[in-house]
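Here are my notes on the model you sent.

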Amino acid sequence: MRFSLKKSPSRFSILPEIIAILLAFFIGALILLFSGYSPLVAFSALFRGAFGSRNAWGQTLTQATPILFTALAFLLTFRAGIFNIGVEGQFLMGAMASALAGAYFSGLPAPLHITLSLLLGGAMGALWGLIPALLKVYLGAHEVITTMMMSYIASYLTSYLVNYPFKAPGWVAQTEPVAKTALLPKILPPTQLSLSFIISLFLALLVSFFLFHTYLGFQIRAVGLNPEVAENRGIAIKNRQILAFLLSGLIAGIGGGGEILGVHGRFVDGFSPGYGWDGIAVSLVGKLHPGGCVLASILFGMLRAGGMTMTRVTKVPLDLSLIIQALVIILVSAPYFIRAVILRRRDF
Amino acid sequence: MGIEILFNLSILQATIRMATPLTFAALGGMFCERVGVINIGLEGIMLNSAFWAVFAAYFSGSSGIGFLAGVLSGMALGAILALFTVKYYADQIVIGTGINIFGLGFSAFMCQKIWGSRGASEAVAGLPSLSIPFLDRIPYLGPLLNNHSILVYLSFLAFIFAHYFLFYTPWGLRLRAVGENPQSADTAGINVHWYKMIFVILGSTLAGLGGVFLSLAHLNFFAWGMTNGRGFIALAAMIFGKWTPIGCFLASLLFGFADALQMRIQTLGILPPQIILLLPYLITILVLAGLVGKATPPSDYKPYIKK
């Protein structure tokens, strides 16, 4: 058996992905048609809301940012052969840690305060990733279930923290606002787009460099491609899997922190509409490559941001965006279906 | 304040009610996993069935027709899951995640379109309750088990029948073989893909019944995201129950009790509900870690590619 690391999925044709995305929009159009809306009006409002102006772009990229973080987090573990579907939990725990660090540390200069808060978020996310990592490596607990359970625990735990011990006075379940020195600068006012977006792009580059141009990244990919061969070549598999989990949690945690320090300014109960779950989809739509993740996260950011405009202008329920997202996820992850049914190829 | 304020007849009755959707979904998840498919999409399947049941009951005026619509919706999403994962080797987790997002989006979209609010539908007639005359004569057990929705009794029948089916019929033996060792099953002349498809669809249909219970028995309307994570709790119950029908039922009772307790405590305001809500997930992790008995899945969940 030999490694064939050069043949990474990103080198294959992206035709099935493009067809899948178009098909998802087509089915979305059918649903609109059957429920009495005009797909043309709805989709043009959606695209205008996503890309029609400088502000629209700002909204789209703001929505894309947390999804890019979670997609990169999912990607890193996936490349090590681990199905970490607990990114949402790592994202939430990171967000909470950053929110608390941002609110309760004081007297620090802004760059230091921001860095410290983000890193604490990252550390918390990494810790949340470490638990399923240890459970998998030492006790053989399947990560798909443990990470999912960890996600739900994180969701209820952060909800508890924001409803009880760290609740700011008032009727809304939210923490105290973070200090001015911890707020990430906005880069496209008046939109919410913050430095977090630049950080996420930078991380995409970094992950790409790490996976494809460093020895450690090579080892992680080797473990994912074929653990037995990797072990024979002397790679400490357990070690590398734990590392992948830690890095994944770190990125997701920083993403959570970036969302708090960049957009919300405090931890608000239920602020994440499932960015961690979106990340899984984006990672797969992006063909498990950081560059692809950037593009796919913009697609999903577009659905979220454009969806809001669509709802305001045409009264089409916002949930159409969710439906299209779901269809993209299902169709993109079934390339054999696209090849066999749409492209009429029998050689799958 | 005594302990009886928490442990009384009404909370035990609530336990049985809240265990019902979990039992259906856990049994459904079990059938899927027994043939080697993880059904992460239980949540979305339940939610969609809950919606279609109310949809059909609202426009037909009959809760029986609502029930049928919920069953059909479970079958349809099950068929999609089966087709994509078994025939086209798509990733089970991803398709399941897609189904969950679809369920949430589609039900809210339709709810908004039909009733003008994505929060909740109008009320419909629920499924009837069953009053069993001889049960009333049994002390303690009688009042506990009597006068529940017809679906509660159906869930009892479902887990007993599933147990019999799985362990005492040739089909049950074959379906276990398909999950545990598809190659051998294939060699023995069992149509592996066919078995996988049938039981993924059956399992999803059972999960759909859990959704129907929520919208036509627990509440008599559809509410946004009304499954509220029960699909995932059901997966947890299935693991805690070690992928057996009786285990699924007992674990569902336990988690149903947690749910009932959580509601009670919320009204009393003595402990944060979040802490109780996260317990089932924590227990599942401890189970998987081997700290509370060993949990070994019945299959390695790989798609079966016939050579």
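**Notes on the model**

1. This is a predicted model. Please read the points below with that in mind.

2. Start with chain A. Helix α3 (residues 54-79) of chain A and helix α7 (residues 195-213) of chain A have axes that come within 9 Å. They cross at roughly 20°. That angle is under 35 degrees, so α3(A) is roughly parallel to α7(A). The crossing of the two helices is left-handed.

3. Next, the residues of that contact. From α3(A) come, among them, A:Leu61, A:Phe69, A:Leu76 and A:Arg79. The α7(A) residues they meet include A:Phe197, A:Leu203, A:Val207 and A:Leu211. By class, the contact of α3(A) with α7(A) has 11 nonpolar, 3 polar and 1 charged residues.

4. Now the contact between chains. Chain A gives 38 residues and chain B gives 38 residues. On the chain B side, the elements with two or more residues are α4 (92-115), α10 (230-240), α12 (273-277) and α13 (279-288). The largest share, 14 residues, comes from α4(B). This side of chain B divides into 27 nonpolar, 8 polar and 3 charged residues.

5. Last, one residue in chain B. B:Ser73 sits in helix α3 (residues 63-87) of chain B. Is B:Ser73 buried or exposed? It has 28 other C-beta atoms within 10 Å, so B:Ser73 is buried; the cut-off is 20 or more.

6. Beyond its neighbours within four places in sequence, B:Ser73 is in contact with B:Asn48, B:Ser49, B:Trp52 and B:Gly208. B:Leu214 lies 141 residues from B:Ser73 in sequence, and 15 Å away in space, C-alpha to C-alpha.

Terms used: Residues are numbered from 1 along each chain as its sequence is written. Chains are lettered from A and ligands numbered from 1 in the order in which they are written. This is a predicted model: local features need pLDDT of at least 70, side-chain atom pairs count only at pLDDT 80 or more; totals for chains, interfaces and linings use all residues. Axes are lines fitted to C-alpha atoms, for helices over the stretch in contact, and angles run from 0 to 180 degrees between N-to-C directions. Helices (H or I, at least four residues) and strands (E, at least two) are DSSP runs, numbered from the N terminus. Angles under 35 degrees count as roughly parallel, over 145 as roughly antiparallel, 65 to 115 as roughly perpendicular and the rest as oblique. A crossing is left-handed if the near helix is turned anticlockwise from the far one by less than a right angle, and right-handed if clockwise. Two residues are in contact if their C-beta atoms, placed from the backbone, lie within 7 Å. Ala, Val, Leu, Ile, Met, Phe, Trp, Tyr, Cys and Pro count as nonpolar, Asp, Glu, Lys and Arg as charged, and the others, Gly among them, as polar. A residue is buried if 20 or more other C-beta atoms lie within 10 Å of its own, exposed if 12 or fewer, and partly exposed in between; C-beta atoms are placed from the backbone.
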